[in-house]
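Student: Could we go through this model together? I would like to start with the overall picture and then turn to individual contacts.

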Amino acid sequence: MAGAPEASPRAPEAAPRAQTFSTMMCWAAVDRMARIASTYRRAEATRFSYEATRIQSLAMQDALHPERGCLVASHGGRELDVSLLHALPLRLLAPGDPRAASTVRCVLEDLQLQSWLRRDGAAAGGGPHARGR
């Protein structure tokens, strides 16, 4: 369920937090269902569209870094995760949205290692902004 606390797959010993990737995937499912329903089940399309908007608003409220304007790995967190890049092809963030550009820039700043991207900032101490630095 979008925004529900869950254990991090990379740090199962940590306290459960709402994971942004899970919220993103919930949003994508409901958003796509709204599009399908608009053709095949018009009576239900409004409900799905409402839920997609609600979940997207939750992500934009709880899963954005307050200073950097980028998505973060967990709601209320500050660390980044490479899975945040899925926000662009899924269209959670539109290409012209400044939060999309900021997310890409921050992922590169924090997770790029030469021509590779680390999964998250935990390996090798992360980038200059990992773990709230």
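Student: How much of the chain is buried?
Tutor: Of the 133 residues in the chain, 40% are buried. Please keep in mind that this is a predicted model.

Student: How many helices and strands are there, and in what order do the elements run?
Tutor: The chain contains four helices and four strands. Read from the N terminus, the order of the elements is β-β-α-α-α-α-β-β.

Student: Turning to the cysteines, how many disulfides are there?
Tutor: The count is zero disulfides. The closest cysteine sulfur to that of cysteine 70 belongs to cysteine 106 and is 3.5 Å away, which is too far for a bond. A disulfide would require the two sulfur atoms to lie within 2.5 Å.

Student: Are those two cysteines buried or exposed?
Tutor: Cysteine 70 is buried, with a relative accessibility of 0%. Cysteine 106 is also buried, at 0% relative accessibility.

Student: What about charged contacts: how many salt bridges are counted?
Tutor: There are eleven salt bridges. One of them joins the side chains of arginine 35 and aspartate 31, with an N to O distance of 3.1 Å.

Student: Where do arginine 35 and aspartate 31 lie?
Tutor: Both residues belong to helix 1, which covers residues 20–40. They are four residues apart, about one turn of the helix.

Student: And how accessible are they, buried or exposed?
Tutor: The two partners fall into separate classes. Arginine 35 is partly exposed, at 43% relative accessible area, whereas aspartate 31 is buried, at 12%.

Student: Which residue does arginine 54 meet in a salt bridge?
Tutor: The partner of arginine 54 is glutamate 51, and the N to O distance is 2.8 Å. These residues are three apart in helix 2 (residues 42–62), so about one helical turn separates them. Arginine 54 is partly exposed, with 38% relative accessibility, and glutamate 51 is partly exposed as well, with 25%.

Student: Which residue does glutamate 67 meet?
Tutor: The side chain of glutamate 67 forms a salt bridge with that of arginine 78, at 2.6 Å from N to O. Both residues lie in the loop between helix 2 and helix 3 (87–90), so the pair ties together parts that are eleven residues apart in sequence.

Student: How accessible are the residues of that pair?
Tutor: Glutamate 67 is exposed, at 57% relative accessibility. Arginine 78 is partly exposed, at 31%.

Student: Which residues are joined into a network by salt bridges that share partners?
Tutor: The network consists of Arg68, Arg105, Glu109 and Asp110.

Student: Let us change topic to the rings. How many aromatic pairs does the structure hold?
Tutor: It holds zero aromatic pairs.

Student: Over which ring does the charged end of arginine 47 sit?
Tutor: The charged end of arginine 47 sits over the ring of phenylalanine 48. The distance to the ring centre is 4.7 Å.

Student: On to the backbone. What is the phi of arginine 91, and where is the residue found?
Tutor: Arginine 91 has a positive phi of about 75°, although this residue is not a glycine. Arginine 91 is located in the loop between helix 3 and helix 4 (98–111). Its relative accessible area is 40%, which means that arginine 91 is partly exposed.

Student: And what is the phi of glutamine 114?
Tutor: Glutamine 114 is a residue other than glycine with a positive phi, near 60°. Its place is in the loop between strand 3 (112–113) and strand 4 (116–117).

Student: Is glutamine 114 buried or exposed?
Tutor: Glutamine 114 is exposed, with a relative accessibility of 70%.

Methods
Residues numbered from 1 in each chain as written. Predicted model: local features only at pLDDT ≥ 70, side-chain atom pairs only at ≥ 80, totals over all residues. Heavy atoms only, no water. Buried < 20%, exposed > 50% of the residue type's maximum accessible area, 1.4 Å probe, protein only. Salt bridge = Lys/Arg side-chain N within 4 Å of Asp/Glu carboxyl O. Helix = DSSP H or I, 4+ residues; strand = E, 2+ residues; numbered from the N terminus. Phe/Tyr/Trp six-rings, centres within 6.5 Å; stacked < 30°, edge-to-face > 60°. Lys NZ or Arg CZ within 6 Å of the ring centre and 35° of its normal.
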